[in-house]
Amino acid sequence: MSGGDMSWLDSENIRPYIFMRKENLFAQPGSHTKCDWFKNQPLYRNPLHMDQKAFADQILNLESKAFQHSGMPMPRWVFYDCAIMPGFVCGFAQRTETLPKSYLEQVGIDPDLDWTPLSLFIIIPTVRRGEWVAHNLCTANSLTDKRDHLYALGFLTKAFGLWYGNVEILCGFAQWQSPSIRLHSHYGSFEILTAYTPIHSHARTLTYRTIINGAYWPTFFTKDGDELNARYAATDFSVDPRSEHSLISFQRRLERDEGPFFLNPHEIRTRPLDAPLKVYRLKG
Ligand SMILES: CC(C)(COP(=O)(O)OP(=O)(O)OC[C@H]1O[C@@H](n2cnc3c(N)ncnc32)[C@H](O)[C@@H]1OP(=O)(O)O)[C@@H](O)C(=O)NCCC(=O)NCCS
């Protein structure tokens with residue numbers, strides 16, 4: 001890996017956490033995608049144990065603050081019914097006594113917890129074998145002072161969950177112009193399933209599907225995805241994230257089954273968030 005400072009990943013004060021009911025645990029975690037980034041042993045917490053309520057409270061505290069600007073904090077019952085019972089909840093946690101001051105001020109801590117969650121990723125299995133839905137991703141980087149940010153915390157939180165959970169295909173959602181699409185597009189092919197989604201609370205939501213492919217992951221750091229991107233050819237149209245007309249016209253093409261259509265991770269990463277993006281097809 002190269003890029004920003006990644007040394008936090010091997011710190012003895014930071015570990016991945018697994019917040020998953022015992023019956024759902026994976027028999028052979030980390031066996032689908034080859035990845036040697038996650039050397040620290042995950043902490044395990046069983047959400048069906050009453051004593052883990054404080055850890056759950058701290059996850060929800062972080063989540064509600066991270067999503068307060070978008071008006072989409074997760075209700076507590078959704079966390080239980082739609083995440084804990086069917087799915088996989090994970091993230092990174094830090095020894096509470098080592099948290100920076102800006103975490104204490106912007107997020108707040110429970111001093112009784114030895115380990116405090118820094119990030120959250122939730123995936124839920126779908127009825128299609130091997131296919132999951134990404135339901136939530138957030139990190140403390142969106143709340144703490146810039147000098148306290150852990151570089152790529154969001155990207156690595158999601159990578160950890162996909163790796164540990166042996167995810168083969170992932171669907172997910174994001175609002176056009178959200179910085180999150182800069183990381184969502186780096187785990188494999190980034191196919192667009194909906195470009196305009198009026199059934200969602202935010203119609204300007206895109207739905208994506210990714211066939212998970214470990215070859216894409218390092219390109220988040222190296223920013224060198226030319227070989228992978230060469231598999232795609234640009235179509236004769238672009239999508240303008242600022243224009244409802246453009247999103248609806250793209251959506252109509254999808255509904256007419258003119259796809260599959262893909263976006264290019266390098267373009268998403270390097271162009272302004274509101275810039276038009278070329279739409280691609282797989283080369284025949
Ligand atoms: C979106 C979110 C998960 C990103 O996590 P993060 O820990 O900040 O991001 P990472 O450090 O892993 O990734 C950094 C990359 O993402 C992009 N990025 C992250 N935040 C950004 C921002 N505010 N503006 C522009 N780009 C941003 C950058 O491209 C950056 O990489 P680069 O600096 O090398 O180009 C986090 O900001 C968050 O929790 N936001 C609030 C909740 C939310 O919107 N979740 C997404 C739901 S789909």
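Domain bounds here come from an automatic or database domain assignment. On that basis, the chain in this predicted model splits into domain 1, covering 1–167, and domain 2, covering 170–284.

- Domain 1 puts 27 residues into the contact, and domain 2 puts in 22 residues.

**How much gets buried**
- The size of an interface is often given as the accessible area lost when the parts come together.
- For domain 1 and domain 2, that buried area is about 1900 Å², with 71% of it on carbon and sulfur atoms.
- Which residues of domain 1 lose the most area to domain 2? They are Met 72, Phe 155 and Lys 158, and together they make up 30% of what that side buries.

**Links across the interface**
- Polar contacts do turn up: six residue pairs across the interface of domain 1 and domain 2 have one, with both residues at pLDDT 80 or more.

**What the domain 1 side is made of**
- Two elements each give two or more residues to the side of domain 1 that touches domain 2: strand E6 (131–139) and helix H4 (153–164).
- H4 gives the most to this side, with seven residues.
- Sorted by class, the side of domain 1 that touches domain 2 has 18 nonpolar residues, six polar ones and three charged ones.

Conventions. Residues are numbered from 1 along each chain as its sequence is written. This is a predicted model: local features need pLDDT of at least 70, side-chain atom pairs count only at pLDDT 80 or more; totals for chains, interfaces and linings use all residues. Side-chain values use heavy atoms; hydrogens and water are left out. Contact means heavy atoms within 4.5 Å. Buried area is the accessible area (1.4 Å probe) that two parts lose on being put together, summed over both. A polar contact is a pair of N or O atoms within 3.5 Å; within protein, one must be able to donate a hydrogen and the other to accept it, and residues adjacent in sequence count only if both atoms are side-chain atoms. Helices (H or I, at least four residues) and strands (E, at least two) are DSSP runs, numbered from the N terminus. Ala, Val, Leu, Ile, Met, Phe, Trp, Tyr, Cys and Pro count as nonpolar, Asp, Glu, Lys and Arg as charged, and the others, Gly among them, as polar.
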